Amino acid sequence: MSESATGTTVTVAKLGSKIGARVAGVRLGGGLDGAAVQKIQDALHEHKVIFFRDQHHLTEDGQLEFARLLGSPTTPHPTVTSKGVKSLPIDSEYGRANSWHTDVTFVDRIPKASILRAEHLPPYGGSTTWASTVAAYESLPAPLRALAESLRARHTNVYDYAANRTEAASGESSQVTANIQAYRQEFQSSYYETEHPVVRVHPVTGERALLLGHFVKNFVGLSSTESQALYQLLQNRVTALENTARWTWQPGDVAIWDNRATQHYAIDDYDGQSRRLTRITLAGDVPVGVHGDESTVISGNAEHYSVIEEITPHAA
């Protein structure tokens, strides 16, 4: 156990065998002591996504101050620069991320973690599901593990969840539809493409994880048809229900996930109602495969978006 800045005991309650835990006894903000911060870091590495209730006091500034205790915040997004300076709004007015993905995999320096704070929730629906890409890798039979470890994939920002959107959702206004199209254009305003190993080694825990998600364009050396078939085979392991945790948001909730070991999916089951959360991401490292091969940039420079984190491994 450890103590927070207010002296209460920080507790971690597991939510599932493969992923997810709820952390209690902590008031998030920039004033947390080192022991509480370490407890949160350790819980994140072990459980991949962790949740906090009743953080009603937290503002955007407080969220940012807390984020700085865990790492170096990135700018809100590599291409979407018009929506905020400190954080990125995850707002149904601009789109709905109802597709499995790991955040910002189209750059070389993939964020290590994201911190998401609920601001405005619909009266029903709008939950989010996370999947452990470590559990997905570990569930592969030996021949598929060997195959995955030998593969590299190209990720691009033209494979955003909004890219295949052709018509308005039920109950959606023409203004929201226009906002979504404008967001999509800004998302793709600068082209990024990065080649990553399909299996990356987590720099802190040493675990192996599948690096996939909806930004994948193709596997290097395979045709589009072959890539699609193999992608679905591997992705099905990620989204197996046993490897997932679903969170029903309440006002005051905060979620933090290890972006190096998860994918997530925002469930679009709240009709045309409004849903808004605030996301801050933390700078990560350049992925390294099991054979020591690093990710390589094909197009785009992400230096303005994020530094590359210097890793200091510790026992997780």
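## Ser114 and its surroundings

In this predicted model, Ser114 touches Asp103, Ala255, Ile256, Trp257, Arg279, Ile280 and Thr281, leaving aside residues up to four places away in sequence. Ser114 belongs to strand E6, which covers residues 113-120. Its relative accessible area is 0%. Buried means under 20%, so Ser114 counts as buried.

One of these neighbours also makes a polar contact. The side chains of Ser114 and Asp103 are joined at 3.0 Å.

## Helix H2 and its packing

Which residues of H2 are buried? They are Gly62, Gln63, Leu64, Phe66, Ala67 and Leu70. The buried residues of H2 pack against several elements: helix H1 (34-47), E6, strand E14 (254-258) and E16. E6 is also the strand that holds Ser114.

How do H1 and H2 cross? Their packing angle is about 75°, and their axes lie 10 Å apart. Angles of 65 to 115 degrees count as roughly perpendicular, so H1 is roughly perpendicular to H2. H1 contributes Val37, Ile40 and Gln41 to the contact, while H2 contributes Phe66, Leu69 and Leu70. By class, the contact of H1 with H2 has five nonpolar residues, one polar and no charged. Phe66 and Leu70 take part in this contact, and both are on the list of buried residues in H2.

## The three-stranded sheet

Three strands form an open sheet in the order E13-E7-E15. The pairing is antiparallel. Strand E13 (244-247) and strand E15 (262-266) are the edges. Each has a single partner strand, so one side of each is left without a neighbour in the sheet. From one strand to the next, the twist averages 20°.

Strand E7 spans residues 128-132. Four bridges pair E7 with E13 in the antiparallel sense. Trp130 has Ala245 of E13 as its bridge partner.

## The four-stranded sheet

A further open sheet has four strands, ordered E12-E8-E9-E17. Here too the pairing is antiparallel. Which strands stand at the edges? They are strand E12 (216-219) and strand E17 (296-299). Each pairs with a single strand, so one of its sides lacks a neighbour in the sheet. Neighbouring strands are turned by 25° against each other on average, direction ignored.

Strand E8 covers residues 152-156. E8 and E12 run antiparallel and are joined by three bridges. Ala153 stands opposite Phe219 of E12.

## Positive phi in two loops

Where does Asp54 sit? Asp54 is in the loop between strand E4 (49-52) and helix H2 (60-70). Asp54 is not a glycine, yet its phi is positive, at about 60°. With a relative accessible area of 53%, Asp54 is exposed. The cut-off for exposed is over 50%.

Asp271 lies in the loop between E15 and strand E16 (276-282). Is Asp271 exposed, partly exposed or buried? Its relative accessible area is 42%, so Asp271 is partly exposed.

Conventions
Residues numbered from 1 in each chain as written. Predicted model: local features only at pLDDT ≥ 70, side-chain atom pairs only at ≥ 80, totals over all residues. Heavy atoms only, no water. Buried < 20%, exposed > 50% of the residue type's maximum accessible area, 1.4 Å probe, protein only. Polar contact = N/O pair within 3.5 Å; in protein donor to acceptor, adjacent residues only side chain to side chain. Contact = heavy atoms within 4.5 Å. Pairing = 2+ DSSP bridges. Axes fitted to C-alpha atoms, helices over the stretch in contact; angles between N-to-C directions. Parallel < 35°, antiparallel > 145°, perpendicular 65-115°, else oblique. Nonpolar A, V, L, I, M, F, W, Y, C, P; charged D, E, K, R; others polar.
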